[in-house]
Amino acid sequence: MRTCYEIIEGKTVVQGESKAVFGIQCRMQPTGYIIRSIPDISTDKELIRHWITLMNKHDLSPLHFKDVVDDMLVG
């Protein structure tokens with residue numbers, strides 16, 4: 001099973017202002033089935049893109065996806 005991590009975008013309201021927020025989803029390839037999704041991680045799109053690049057480069061197992069995101073948010 002091959003997985004692929006990709007960016008997801010949503011909206012949130014902060015102090016009455018609408019802002020874009022970004023998260024990550026993990027899809028099974030080639031079916032496209034969404035294994036897991038973590039929305040609203042950050043408003044920093046480039047940070048999320050960087051994390052996704054690392055996850056795909058190192059073929060991160062979906063089993064460790066949530067833990068890695070938690071660690072990245074703390075670090």
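1. Buried, as used in this note, means under 20% relative accessible area, exposed means over 50%, and partly exposed lies in between, with a 1.4 Å probe and protein chains only. By that scale Arg27 is partly exposed, because its relative accessible area is 23%, whereas Thr3 is buried, with a relative accessible area of 5%.

2. The model is a predicted one, in which local features need pLDDT of at least 70 and side-chain atom pairs count only at pLDDT 80 or more, while totals for chains, interfaces and linings use all residues. Residues are numbered from 1 along each chain as its sequence is written, and side-chain values use heavy atoms, with hydrogens and water left out.

3. The protein has two helices and three strands, which follow one another from the N terminus as β-β-β-α-α; helices (H or I, at least four residues) and strands (E, at least two) are DSSP runs, numbered from the N terminus. Of the 75 residues in the protein, 27% are buried, and the C-alpha atoms fill a box of roughly 45 × 30 × 20 Å along the principal axes.

4. The three strands form an open sheet in the order β1-β2-β3, with antiparallel pairing, where two strands pair if DSSP finds at least two bridges between them. The edge strands, β1 and β3 (34–42), each pair on one side only. Strand β2 (residues 17–29) is joined to β3 in the antiparallel sense by five bridges, and Cys26 stands opposite Arg36 in β3.

5. Helix α1 (residues 45–57) lies across β1, β2 and β3 and runs at about 165 degrees to β1; axes are lines fitted to C-alpha atoms, for helices over the stretch in contact, and angles run from 0 to 180 degrees between N-to-C directions. Helix α2 (residues 65–74) also packs on the sheet, touching β1, β2 and β3, and its direction makes about 15 degrees with that of β3.

6. Thr3 belongs to strand β1 (residues 2–14). Contact means heavy atoms within 4.5 Å, and, leaving aside residues up to four places away in sequence, Thr3 touches residues including Cys26, Arg27, Ile35 and Leu60.

7. Arg27 is found in strand β2, and its contacts, again without residues up to four places away in sequence, include Arg2, Thr3, Glu6 and Tyr33. The side chain of Arg27 reaches the backbone oxygen of Gly32 at 2.4 Å. The C-alpha atoms of Arg27 and Met72, which are 45 residues apart along the chain, are separated by 20 Å.

Methods:
Polar contact = N/O pair within 3.5 Å; in protein donor to acceptor, adjacent residues only side chain to side chain.
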